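Open your viewer and get ready to select residues by number. This tour goes stop by stop.

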Amino acid sequence: MTADLLNDPRIFEPSYHPENIVNRAEEAEEMLKMLSGDETNVQDLFLHGSHGTGKSVVTKQVLQNLEGRHQSCILSCTKYNTHYKVLQGFLERLTGEEVSSGYHASDLLRRLEKRIGAVPTVLVLDDADFLLENDGDDLLYSLSRIDGAENLGIVLITSYRNSLRNTVESRTYSSLQPQKIVFNPYTSKEIYRILSERAREAFTTHSVHRNALTYIASSVANAGFALHWLRVAAANASDTIRESAVKDAYSESVQSYTAEILGNHSLHHQLLHDSLTRLTEDRSKVNTGKVYEKYQERCQEASVEPLSDRRVSDYLKHLEFEGLIEAEYRYGGEKGKTREIRVRKPV
């Protein structure tokens, strides 16, 4: 990208959060009302929507609006995916002090309970699919039953599971009684508005052709990928960003966007995804047996010890949570349940 195209490089950083979030005022207002505790106790929330629908960015905006009245923190369960790690992470964020690994989980829970006390607190578990898959719902039950729970709002954000009632035990769901807020996919018009508003902030005047934004907006409903795609197209442009530049940048955008997501996971996740990419270049589906064989080959080439087939099955589920693969489950046969899988591009 030529320097005279870009007005503010921060606008396209993944950490950037705009003041105006397109078409999410209703969801933000509802969240703020439920978490403020002005009229009732602080409520627990379950936010669901596909990738790129604004769940995380709206939550962070709401937490900013609660500053001064509430203490809060947000953790991504791609990293904090166990009972212990979550408690450790919450304590470190709330106290600003490092918490060692030498405690029992019950000790951490008591410390967190003491920290919350009578202070309204909001604890957010983003990408909660990973925690629920890896560690069940014991943590949620414990948090919902601590002293002062009326001052604690637990927010669960998922992209894969669309029902918490069908995921956790009845006692946990009964203790939480979360209010569900659905983030519907963006329409093409809304994606266009997101892109145009961000482009207006990021680029100099007349740097982007309208048809370039229209092409992206008509192609995807994932706002995160749409913005990433525009950023890549801009980086490759020598002058004005035209529709042709956007089309040329698509494949590179998919690759770099996927690499960013995989960067939050292990080498084995990356080797699995690479194995699937090689096996499904013609967009055909493959079963888990073939995936495991190819994954073992890739491990040998990378000089790493392959995981067991059970762990590989777990890691494939992680890729499914991230929207990087799609799987069709079939029941019957010798193993009872099989999966047919293929790589999924951002949509």
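What follows is a walk through a predicted model, with something to select at each stop.

**Stop 1**

Select residues 286-287, 325-331 and 337-343, which are β6, β7 and β8. Together they make an open sheet of 3 strands. The order is β6-β8-β7, and the pairing is antiparallel. Which strands stand at the edges? They are β6 and β7. Each has a single partner strand, so one side of each has no neighbour in the sheet.

Now zoom in on β6 and β8. They run antiparallel, and 2 bridges join them. Pick N287, then look across to β8 for its bridge partner, E340.

**Stop 2: a lysine in the helix**

Stay in helix α15 and select K317. Is this lysine buried or exposed? K317 has a relative accessible area of 13%, so it counts as buried. Show what is around it. Leaving out residues up to four places away in sequence, K317 touches E133, Y160, Y329 and R339.

**Stop 3: the cysteines**

How many disulfides are there? The count comes to 0. Select C73 to see one case. C73 is in no disulfide, and its nearest cysteine sulfur, that of C77, is 11 Å away. A disulfide needs the two sulfur atoms within 2.5 Å. C77 is in no disulfide either; the nearest sulfur to C77 is that of C73. Check how covered each one is. C73 has 6% relative accessibility, so it is buried. C77 is buried too, at 0%.

**Stop 4: aromatic pairs**

Now colour the aromatic rings. The structure holds 8 aromatic pairs. A pair of rings is described by the distance of the centres and the angle of the planes.

Begin with Y215 and W229. Their ring centres are 6.0 Å apart. Their planes meet at 80°, so this pair is edge-to-face. Y215 is partly exposed, at 28% relative accessible area. W229 is buried, at 1% relative accessibility.

Move on to F225 and Y257. Here the ring centres are 5.2 Å apart and the planes are at 65°, so this pair is edge-to-face. F225 is in helix α10, while Y257 is in helix α12 (residues 250-262). The pair links distant parts of the chain, 32 residues apart. F225 is buried at 0% relative accessibility, and Y257 is buried at 16%.

To see these rings together, select Y215, F225, W229, Y250 and Y257. They form one aromatic cluster.

**Stop 5: charges over rings**

Finish with two arginines. Select R24 and Y186. R24 lies over the face of the Y186 ring, 4.3 Å from its centre. Then select R171 and Y141. R171 lies over the face of Y141, at 3.9 Å from the ring centre. Tilt the view in each case to look at the ring from the side.

Terms used: Residues are numbered from 1 along each chain as its sequence is written. This is a predicted model: local features need pLDDT of at least 70, side-chain atom pairs count only at pLDDT 80 or more; totals for chains, interfaces and linings use all residues. Side-chain values use heavy atoms; hydrogens and water are left out. Two strands pair if DSSP finds at least two bridges between them. Helices (H or I, at least four residues) and strands (E, at least two) are DSSP runs, numbered from the N terminus. Buried means under 20% relative accessible area, exposed over 50%, partly exposed in between (1.4 Å probe, protein chains only). Rings of Phe, Tyr and Trp (its six-membered ring) pair if their centres lie within 6.5 Å; planes under 30 degrees apart count as stacked, over 60 as edge-to-face and the rest as tilted. A charge sits over a ring if NZ of Lys or CZ of Arg is within 6 Å of the ring centre and within 35 degrees of the ring normal. Contact means heavy atoms within 4.5 Å.
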